[in-house]
Amino acid sequence: MERPIIEVSNIGKKYNITHQRGRYVALRDVLANAFKNPFKFAKHKAKQIVGFETKEEFWALRNINLEIKKGDIVGIIGHNGAGKSTLLKILTGITPPTEGEIILRGSVASLLEVGTGFHPELTGRENIFLNGAILGMTKEEIIRKFDEIVAFAGVEKFLDTPVKHYSSGMYVRLAFSVAAHMEPDILLIDEVLAVGDAEFQKKCLGKMEEVTKKEGRTILFVSHNLVAIQRLCNTTILLENGNVKEIGETKDVINAYLKSRSGAQSGQIRSEERHNTGNIKIIDIKIADTEGLSLINSDSKLRIKIKYSSDFKEIIPDVRVLISITSERSQNMVLRLDSHGTSKTLGEHIASRGEIVCETGVINLVEGKYSIETAFYLQDTSRGYVKAMSQFDVITNIDKYDYRLPPDKNVCDHIVKYLFKQDI
Amino acid sequence: MVNRMETVIKPKKTFSLKDIKEIWQYKELLYFFTWRDLKVRYKQTAIGALWAIFQPFMAMVVFSVFFGELARIPSDGVPYPIFVYTGLLFWQFFSSSLSAVSGSLISNQAIVTKVYFPRLILPLAVITTDLVDFCVASVVLVGLMFYYGFLPHLIGIIIIPLLLVITFFAALGGGLFLASINVKYRDVRYILPYFLQMLLFVTPVIYPSSIAGKYAWILAINPMTGVIKAARATILGTEPVNWLLLTLSFVAVFILLAIGVVMFKKMERYFADII
């Protein structure tokens, strides 16, 4: 069997928090301290040297063991601060690990940010050479690929214009184009697809697919864009608090990730509000698409499941269920799902405890965070209500969309189907 | 950079021979950084590379008027303008390199935190840029030699590269030391211009070292003293070359360089974290 192209054993990276806080220490202050309080300073120094000082240590990564085979495209996902970028920085050699060892069998290039080292005063042509060299290409390589790079970026006309006069789109296109034409054995990529317009993102994804699948290159890809991960990677690593939590088939890992996240964010009831109805309780809100996936796309159909209980004996009479979805960004209500507003007249008497399933049509929502409010209104004289708030994310699958979605319209009274189930 | 060999990433140790090999591997990047700095420096200036001549030239004119003509500072029997220009040429190379090296990591932090390459490339590139400026500015010296009718000694032509090497490493060694401190303590960049100004007056640039009389040895601690004296001795024929002094400078510079490199390598592992 071939040896793995990347072998990570026992990697750990420690940061001293005290160290971190002192970002811009002025020598002046250190000296002033030493003079003002020489005894304390000496004691402190002595402690530091002996190692008694209680430093706050923070392990950004700990006990990371990985083996990656040649030709694998590996995604790395995790919450913010899980250690994804630190791992990539160690792999590229930008920052050394505190412990452990990594063996890389082949040339490495990294793409932590597009346009690293671009100089605004230099022309497009000059920047291609400079950026290429910084990324590790040789001069001959750049000359050989020059026309291809320019054509991909589509900046032929502006080659001899300083890049400070470029539009930001052109700038990013040129930068990505240089990076995309590198030919290392191992390519490390961090969140670079989050730039450019949708069309260019699509082109980039296509280019990356071409680069990876055709030439058997090994790629490590850190991203929050789960759609891109799902599309490109065959294996995915889930990092959590500096440890590998899960590694395996992309689909499984993404599901595990979403599950871990939904515990923290999506679907969790954030606040509750009630009035005049002490006895109905919303226990749980689950948001998924109609196929049961918790990764919600712009063209998904939602299936919202609300679990509830109450003190009513058998049925709750005269209830109206209203779900409203609001964009967190614009604070506009984008969907209003009313059990009274659908074509069919629904049973307004629902079981005293059970589940309500609400299905929508294609939601057509732009990428972003949405808050969802589910409310039960009692139509009897008490006019009581109970409301629960939750949240979910929508991701735009740039594959399927050729255009940017219009800003959310007020899509009220969407076609919905309400199902009322009794708890067994 | 297609190298088939294995790369091993481990917790970093200090300087080893492998580092030099690595710099050689990245020589093309060194070229591109130098090329970038030169391009950018003169891109938006009206007279372009002439600035490299203009600065020492104006300094020479001012010094000649005030120190040469009015204060009548001795100049070892050669016309003061050419005397001071020889000194200024080397001094400018040294002082601008020193300050450029000490700031080279900070000014490239966007690259340092995003891409790996041997960090020593950056300081080397900025000195090389200043070396090009030196070459441009020496045109004036040639002009002055014509004007005053000086013929360079053969040994002068041979020894100048050696003097450049000493200056190069003096600026590199001191600069690396300062660069390492600069990453952590940002006040270095405020102290440095002041410090360089002081240093100018304890280096025999505007006066001959003979002026110090029996205290001349104090000046000799400064490696630039040996360099400037030797430059005058060979180019202008003011005195025989003081080989002992030059050897001393050489040794001093290499000690400085060693300290600078060790400091730099020690700090190198934290650069990306604290910059």
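## A buried serine in chain A

A:S177 counts as buried because 24 C-beta neighbours lie inside 10 Å. The cut-off for buried is 20 or more other C-beta atoms within 10 Å of a residue's own; 12 or fewer make a residue exposed, anything in between partly exposed, and C-beta atoms are placed from the backbone. A:S177 sits in helix α7 (residues 168-180) of chain A. Helices (H or I, at least four residues) and strands (E, at least two) are DSSP runs, numbered from the N terminus. Leaving aside neighbours within four places in sequence, A:S177 is in contact with A:I149, A:F152 and A:A153. Contact requires C-beta atoms, placed from the backbone, within 7 Å. A:S177 and A:F152 are 25 residues apart in sequence, and their C-alpha atoms are 6.2 Å apart.

This is a predicted model: local features need pLDDT of at least 70, side-chain atom pairs count only at pLDDT 80 or more, and totals for chains, interfaces and linings use all residues. Residues are numbered from 1 along each chain as its sequence is written, while chains are lettered from A and ligands numbered from 1 in the order in which they are written.

## Chain A overall

Chain A has ten helices and 20 strands. Of its 424 residues, 37% are buried. Among contacts in chain A between residues at least 6 apart in sequence, 76% join residues at least 24 apart.

Five residues of domain 1 of chain A are in contact with nine residues of domain 2 of chain A. On the domain 1 side, strand β1 (residues 6-16) of chain A gives the largest share, four residues. By class, that side has two nonpolar, one polar and two charged residues. Here Ala, Val, Leu, Ile, Met, Phe, Trp, Tyr, Cys and Pro count as nonpolar, Asp, Glu, Lys and Arg as charged, and the others, Gly among them, as polar.

## Strand pairing in chain A

β1(A) pairs with strand β2 (residues 57-68) of chain A in the antiparallel sense, over eight bridges. Two strands pair if DSSP finds at least two bridges between them. In β2(A), A:E67 is the bridge partner of A:E7. β1(A) is also joined to β4(A) by five bridges, again antiparallel. There A:S9 has A:E101 as its partner.

Five bridges join strand β14 (residues 319-327) of chain A to strand β15 (residues 333-338) of chain A, and the two run antiparallel. A:L322 bridges to A:D338 in β15(A). The two strands form a hairpin with five residues between them, and A:Q331 in the turn has a positive phi of about 60°.

## Where the chains meet

The contact takes 40 residues from chain A and 32 residues from chain B. On the chain B side, the elements giving two or more residues are β1 (6-9), α2 (27-43), α5 (109-112) and α11 (243-274). α2(B) gives the most, with seven residues. By class, this side has 15 nonpolar, four polar and 13 charged residues.

Strand pairing crosses between the chains. Strand β4 (residues 99-105) of chain A is joined to β1(B) by four bridges, and the strands run antiparallel. A:I103 stands opposite B:V8 in β1(B).

## Nonpolar cores

The largest nonpolar core has 139 residues, and A:F221 and B:F90 have the most contacts inside it. A core is a set of buried Ala, Val, Leu, Ile, Met, Phe, Trp, Tyr and Cys residues joined through C-beta atoms within 7 Å. Helix α4 (residues 80-107) of chain B gives the most to this core, with 15 residues. A second, separate core of 32 residues includes A:I280, A:I282, A:I304 and A:Y308.

Beyond four places in sequence, A:F221 is in contact with residues including A:I73, A:I189, A:L232 and A:C233.

B:V188 lies in helix α8 (residues 188-201) of chain B. B:V188 is buried, because 22 other C-beta atoms lie within 10 Å. Not counting residues up to four places away, B:V188 touches B:S102, B:L178, B:I181 and B:N182. B:S102 is 86 residues apart from B:V188 along the chain, with 8.3 Å between their C-alpha atoms.

Helix α10 (residues 223-235) of chain B reaches 19 Å from its first C-alpha to its last, close to the expected 18 Å. The expected span is 1.5 Å times one less than the number of residues. In α10(B), 13 of its 13 residues are buried. Just after α10(B), B:G237 takes a positive phi of about 65°.

Definitions and conventions: Two residues are in contact if their C-beta atoms, placed from the backbone, lie within 7 Å.
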